[in-house]
Amino acid sequence: MTTARRTPLVQQVAVLILCVATPALLADGHSGSDPEEVELRMPGPWGDYSEAMEDPDAVDADAAYVGHRRHRMQLLSGYYRSLEMALRYDAPVDPETIARLAEGLERHGQDIPALFDRETPTGEDEPGALARIWEEQEHFQEHMNNFAARTRDLQRAIPQSPAEADDDWEPRATEVLNGVRHQCLACHDTFRRR
Ligand code: HEC
């Protein structure tokens, strides 16, 4: 969890004095109420900003990998949801942009295998990746392959030039998008605990 805020000047000066007085304060992560949090200062042309964040020294490589994986899934979701607003809900977005987003979805989909290279199942009763991913690797691979195939279908369903764009291309592309969504839901249903 991170929170961003602009630190008032008086507080900035106080923090500065404290830091000078006890240089180990931030490094030890004992600056906030949560001992695992540190305050990162980011001065710059727009003023002095700071952000509270988990102490990098307290986060091991597996936890960082899982965190990275979840953000990458959210990125995939961002591509999917923005395409959905354009295709299903007719947001006024030009076909070139839609084609670029479909390409992004497909490209990001290619990275899914690397997100599960490391065996990092979630703990009992916690939401996240199930151990089944690493126990049934062929089955998981099949889901990844199917997802990749549907994202390629979507790219093909989007006109590459205005000449290819007939009146019905959007409802057709939306149908193909439904096929992509089916793959998201099926993989989650089998390999993810919510
Ligand atoms: C081949 C399997 C697979 C496919 C396909 C897949 N996901 Fe996931 N997704 C997972 C797994 C497994 C997790 C749990 C990862 C974890 O918590 O470590 C996950 C987690 C997520 C999360 C939660 C991330 C978080 O912050 O905890 C979102 C959102 C998500 N997926 C969206 C999507 C969308 C949208 C699609 C389709 C466009 C998709 N996923 C396709 C396997 C898949």
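Tutor: The crossing of H4 and H7 is left-handed, a term used when the near helix is turned anticlockwise from the far one by less than a right angle, the clockwise case being right-handed. What you see is a predicted model, in which local features need pLDDT of at least 70 and side-chain atom pairs count only at pLDDT 80 or more, while totals for chains, interfaces and linings use all residues. Residues are numbered from 1 along each chain as its sequence is written. Helices (H or I, at least four residues) and strands (E, at least two) are DSSP runs, numbered from the N terminus.

Two packed helices are described by the angle between their axes and the distance between the axes. For H4 and H7, the axes come within 9 Å and cross at roughly 165°, where an axis is a line fitted to C-alpha atoms, for helices over the stretch in contact, and the angle runs from 0 to 180 degrees between N-to-C directions. H4 and H7 are therefore roughly antiparallel to each other, since angles over 145 degrees count as roughly antiparallel, under 35 as roughly parallel, 65 to 115 as roughly perpendicular and the rest as oblique. On the H4 side the contact is made by Ala102, Glu103, Leu105, Glu106, Gly109 and Gln110, and on the H7 side by Phe147, Ala148, Thr151, Arg152, Leu154 and Gln155; two residues are in contact if their C-beta atoms, placed from the backbone, lie within 7 Å. Sorted by class, the residues joining H4 with H7 are five nonpolar, four polar and three charged, with Ala, Val, Leu, Ile, Met, Phe, Trp, Tyr, Cys and Pro counted as nonpolar, Asp, Glu, Lys and Arg as charged, and the others, Gly among them, as polar.

H4 (residues 95–110) also packs against H3, their axes coming within 9 Å and crossing at roughly 150°. That angle makes H3 roughly antiparallel to H4, and the crossing of H3 and H4 is left-handed. From H3 the contact draws on Leu75, Leu76, Tyr79, Tyr80, Ser82, Leu83 and Ala86, which meet Ile98, Leu101, Ala102, Gly104, Leu105, His108 and Gly109 of H4. The residues between H3 and H4 comprise 10 nonpolar, four polar and no charged. In the loop between H3 and H4 sits Asp90, whose phi is near 55°, a positive value in a residue other than glycine. Asp90 counts as exposed because it has 10 C-beta neighbours inside 10 Å; a residue is exposed with 12 or fewer other C-beta atoms within 10 Å of its own, buried with 20 or more, and partly exposed in between, the C-beta atoms being placed from the backbone.

On H7, packing continues with H8, as the axes of H7 and H8 come within 9 Å and cross at roughly 165°. H7 and H8 are therefore roughly antiparallel to each other, and H7 passes H8 in a left-handed crossing. Among the contact residues are Phe140, His143 and Phe147 of H7, together with Val176, Leu177 and Cys187 of H8. The contact of H7 with H8 holds 11 nonpolar, five polar and three charged residues. Trp169 also lies in H8 and, having 16 C-beta neighbours inside 10 Å, counts as partly exposed. Its C-alpha atom is separated by 7.2 Å from that of Ile158, 11 residues away along the chain.

As for the setting, the chain has eight helices and five strands. Buried residues make up 14% of its 194 residues. Of the contacts between residues at least 6 apart in sequence, 58% join residues at least 24 apart.
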